[in-house]
Amino acid sequence: MRVVLAEDLFLLRDGLVRMLEAFDFEILAAVETGPELTKALAELEPDVAIVDVRLPPSHTDEGLQCALAARRARPGLPVLVLSQHVEQLYARELLADGTGGVGYLLKDRVFDAEQFIDAVRRVAGGGTAMDPQVIQQLLSRRSQDKPIAALTPREREVMELMAQGRSNVAIAGQLVVTERAVAKHTSNIFAKLGLPVSDDDNRRVLAVLAYLDRGRT
């Protein structure tokens, strides 16, 4: 799998390169500025881009904006964004086109190699990987909504994992229940939220994220 990486901190960039190569990813380019990222994404056409939100020269959200521009030029380009802090606006911008192949993780997650590599592969495969803290903030904001309040504790657990981008198989493994039980919880969740049921994992994830995003300011 071919990767373009953008991170301005040398030690973190070097560490990510070594980790990715250890899991058989091919690093096409490891850059540190927005202009370098734009050039690499246009010329190298990677399978996935891993991008720090804040890059030189502006040190604002230049990395994110470069990645979004690349997705507009090449629809569906998988992008995993890394951020020091949770910023719901960044997640919202990534999800705005309603398609998969996007991820948003806190940088702390990269220190868990298994979790990080799983997120990279999920995003590269057209799925979604959202940081648990982002989902918790969204759920907290909507916790008083009647449909959310009607969820059982187990259904809420399943919904949180689903919104993070987990498949039914992954949810079953984490909660130590059967896939059939997860499917039943998923059906109940969608019925309570008034969402159409789909057999496609990624469509379910995007539907839940879109629901949680309604009415945000």
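**Figure 1. Contacts of Thr33.** Thr33 touches Leu55 and Pro56, leaving aside residues up to four places away in sequence; contact here means heavy atoms within 4.5 Å. The model is predicted, so local features need pLDDT of at least 70 and side-chain atom pairs count only at pLDDT 80 or more, whereas totals for chains, interfaces and linings use all residues. Residues are numbered from 1 along each chain as its sequence is written, and side-chain values use heavy atoms, with hydrogens and water left out. Thr33 itself sits in the loop between strand 2 (26-31) and helix 2 (34-44). Helices (H or I, at least four residues) and strands (E, at least two) are DSSP runs, numbered from the N terminus. The side chain of Thr33 also makes a polar contact with the side chain of Glu36, at 3.1 Å. A polar contact is a pair of N or O atoms within 3.5 Å; within protein, one must be able to donate a hydrogen and the other to accept it, and residues adjacent in sequence count only if both atoms are side-chain atoms.

**Figure 2. Two backbone details, at Pro56–Pro57 and at Asp24.** Pro56 and Pro57 are joined by a cis peptide bond, with omega about 5 degrees. Pro57 belongs to the loop between strand 3 and helix 3 (62-73). Asp24 lies in another part of the chain, the loop between helix 1 (10-22) and strand 2. Its phi is near 70 degrees, a positive value in a residue other than glycine.

**Figure 3. The salt bridge of Lys107 and Asp52.** The closest N and O atoms of Lys107 and Asp52 are 3.0 Å apart. Lys107 lies in the loop between strand 5 (102-106) and helix 5, and Asp52 in strand 3 (residues 48-52), so the pair ties together parts that are 55 residues apart in sequence. The structure holds 10 salt bridges, each defined as a side-chain nitrogen of Lys or Arg within 4 Å of a carboxyl oxygen of Asp or Glu.

**Figure 4. The surroundings of Leu95.** Leu95 is part of helix 4. Its contacts, not counting residues up to four places away in sequence, are Val102, Thr128, Met130, Leu206 and Leu209. Leu95 and Thr128 are 33 residues apart along the chain, and their C-alpha atoms are separated by 9.3 Å.

Figure 5. The chain is assigned a domain 1 (2-141) and a domain 2 (151-214), with bounds that come from an automatic or database domain assignment. Taken over C-alpha atoms, the domain centres are 24 Å apart. To the contact, domain 1 gives 20 residues and domain 2 gives 14 residues. Together the domains bury about 1400 Å², 55% of it on carbon and sulfur atoms; this is the accessible area (1.4 Å probe) that two parts lose on being put together, summed over both. Ile135, Leu138 and Leu139 supply 36% of the area that domain 1 buries against domain 2, more than any other three residues.

**Figure 6. Polar links and the domain 1 side of the interface.** The interface has 1 salt bridge and 3 residue pairs in polar contact, both residues being at pLDDT 80 or more. Helix 4 (88-95), helix 5 (113-124), strand 6 (128-130) and helix 6 (132-141) each give two or more residues to the side of domain 1 that touches domain 2. Helix 6 gives the most, with 7 residues. The residues of this side divide into 7 nonpolar, 9 polar and 4 charged. Ala, Val, Leu, Ile, Met, Phe, Trp, Tyr, Cys and Pro count as nonpolar, Asp, Glu, Lys and Arg as charged, and the others, Gly among them, as polar.
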